[in-house]
Amino acid sequence: MIVRYTADLGVEVPEALRKDVLGKLWYVAEGLTGLELDAARADRVHFELATPEDGVAAEARARMIEVAKRMVAGYRPASYRVLAQLKGPGVGPGDDPHPGLVASSDLHHFGRGRWGLGPLASDLVELLESDLHSVGLDLATAPHRFPTLIGADTLASCKYFESFPHSLTFASHLREDLGAIQSFAREARVVDGHLAADSSAFASPECLLSPAVCFHLYQWLAGSRLTDTVRARASGKCFRYESGGLDGLGRLWDFTMSECIAVGTQTDVLAFREQGLERSLALFEAWGLTLDVHTATDPFFVDVYAKQALFQAAFDLKFEASATLPYRKEPLAIGSFNYHQDFFGRAFDIQSAEGRPAHTACVAFGIERFVLAFLAQHGTAPRHWPAAVRDRLPESA
Amino acid sequence: MSVDRANVAAGVAEVFERILHVDVRGADAGIRLGSHPAWDSVAHIDLVLAIEAAFGVSFPSYQIAELASVEQVQRAVEQKLASGAG
């Protein structure tokens with residue numbers, strides 16, 4: 001039996017804030033299986049629990065009120081600027097490509113936030129990666145490869161724990177304890193899709209699954225006294241847990257990010273971001289995408305949300321490329337162009353050639369999201385794709 | 001609505017002292033955002049939030065980076081108070 005609960009938040013959530021508030025409400029309690037804002041009232045949400053229980057519902061309700069009030073209290077309307085608009089040759093039939101791709105074995109759903117790409121999508125990924133390689137060459141970047149694991153110390157230096165704790169994914173292993181290992185081997189089992197095992201057998205995590213690629217480069221350069229601006233490119237698997245929001249290729253727990261990164265003087269780094277934006281617009285145009293590039297802020301966690309979002313907005317630190325998804329009202333962010341001032345330079349004690357804390361910037365693409373936007377806008381039949389993409393497909397496609 | 005400019009100047013100076021530990025009417029007169037180690041962009045947000053709280057005003061996000069000198073902060077506060085806007 002599904003029981004639908006209601007929480008009156010005590011504040012009206014401004015429309016521009018609703019997506020971020022709703023995103024955070026998913027984290028107030030385990031077992032939330034449904035959560036939505038009331039269609040008519042901006043101060044009310046409805047939610048469902050996997051195991052309906054009034055006590056749990058009351059606690060969830062109280063936390064929702066706390067989160068909503070805190071986020072709304074610090075909110076101020078941001079004046080997002082549109083920096084560029086592209087209109088592709090034609091937005092497609094408007095269908096969600098996921099069902100068709102699953103039916104044709106071009107997509108496989110492994111579990112929450114975990115999808116596998118079959119031949120069609122993988123061909124597109126390979127073409128995209130080739131084009132991003134060219135972008136990286138144009139930006140004079142040197143190739144790098146980083147681990148998928150990232151040290152807890154690196155993320156602490158990035159202040160990631162306080163900014164995005166809700167999205168972290170931890171990596172651990174069994175403690176070097178023969179008895180604990182043997183017990184695990186005998187007793188571990190999967191219950192309702194989750195590993196059921198004695199948690200005291202797990203070691204305290206020294207690493208996490210990396211939420212971004214560029215952090216590795218800053219750690220690599222920690223303590224450096226640069227004689228020139230460093231320009232690097234790398235791609236890798238990234239992990240961001242989005243409770244309640246894991247949804248197809250548009251919101252993966254485990255996704256691929258491709259980045260071009262600059263570390264050096266403020267002048268060089270800002271020029272790098274500008275050049276990265278220009279080259280990216282050319283790429284988007286070649287792929288026939290309909291999108292906007294606009295100023296944006298990150299979905300910081302509740303306690304730091306207002307101040308950090310204001311900081312990003314005030315200094316134009318983030319530009320985002322948002323592509324139209326015809327089957328959805330909301331566009332999808334497929335890339336970002338980020339300037340971090342000297343935050344990472346200070347955090348990792350990297351000095352630029354000017355002898356000051358280095359400034360950094362990164363141009364980042366979400367590979368699966370890019371592919372989703374392309375398929376959503378152009379459909380899944382290659383004959384309808386822009387020639388610049390279709391003509392480069394392997395013959396087997 | 002008339003604004004007591006001397007009061008605003010005193011209030012702004014007090015906030016600078018409290019948040020950044022600088023004396024904008026004395027030894028640190030003439031400092032700007034980025035020109036003093038205490039007044040970097042991170043501290044600037046704390047400063048603006050404190051100015052807003054002290055005077056009961058609110059600045060749009062696009063204006064915040066423009067409040068880059070003590071004079072600009074004072075002028076912006078005076079304008080907000082004069083217009084009666086929060």
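**Exercises on the contact between chains A and B**

In this predicted model, three salt bridges are counted between chain B and chain A.

**Exercise 1.** Describe the salt bridge that D40(B) forms, and state which elements of chain B touch chain A.

*Solution.* Begin with the pair itself: D40(B) is joined to R346(A), and their closest N and O atoms lie 3.7 Å apart, which is within the 4 Å that a salt bridge requires. Turning next to the elements, α2 (41-55) and α3 (61-64) of chain B each give two or more residues to the side that touches chain A. Of these, α2(B) provides the largest share, seven residues.

**Exercise 2.** Work out how many residues take part in the contact and how much area is buried.

*Solution.* Count the residues first: chain B contributes 15 and chain A contributes twelve. The area buried between the two chains is about 1,100 Å², with carbon and sulfur atoms giving 62% of it. On the side of chain B, S41(B), I45(B) and S61(B) supply 44% of the area that this chain buries against chain A, more than any other three residues.

**Exercise 3.** Locate D192(A) and D316(A) and decide whether each is buried, partly exposed or exposed.

*Solution.* D192(A), whose phi is near 50°, sits in the loop between β10 (189-191) and β11 (194-196) of chain A; because its relative accessible area is 73%, above the 50% cut-off, D192(A) is exposed. D316(A), with a positive phi of about 55°, lies in the loop between α10 (302-314) and β16 (318-323) of chain A, and at 23% relative accessibility D316(A) is therefore partly exposed.

Conventions
Residues numbered from 1 in each chain as written. Chains lettered and ligands numbered in written order. Predicted model: local features only at pLDDT ≥ 70, side-chain atom pairs only at ≥ 80, totals over all residues. Heavy atoms only, no water. Helix = DSSP H or I, 4+ residues; strand = E, 2+ residues; numbered from the N terminus. Buried < 20%, exposed > 50% of the residue type's maximum accessible area, 1.4 Å probe, protein only. Contact = heavy atoms within 4.5 Å. Buried area = accessible area lost by both parts, 1.4 Å probe. Salt bridge = Lys/Arg side-chain N within 4 Å of Asp/Glu carboxyl O.
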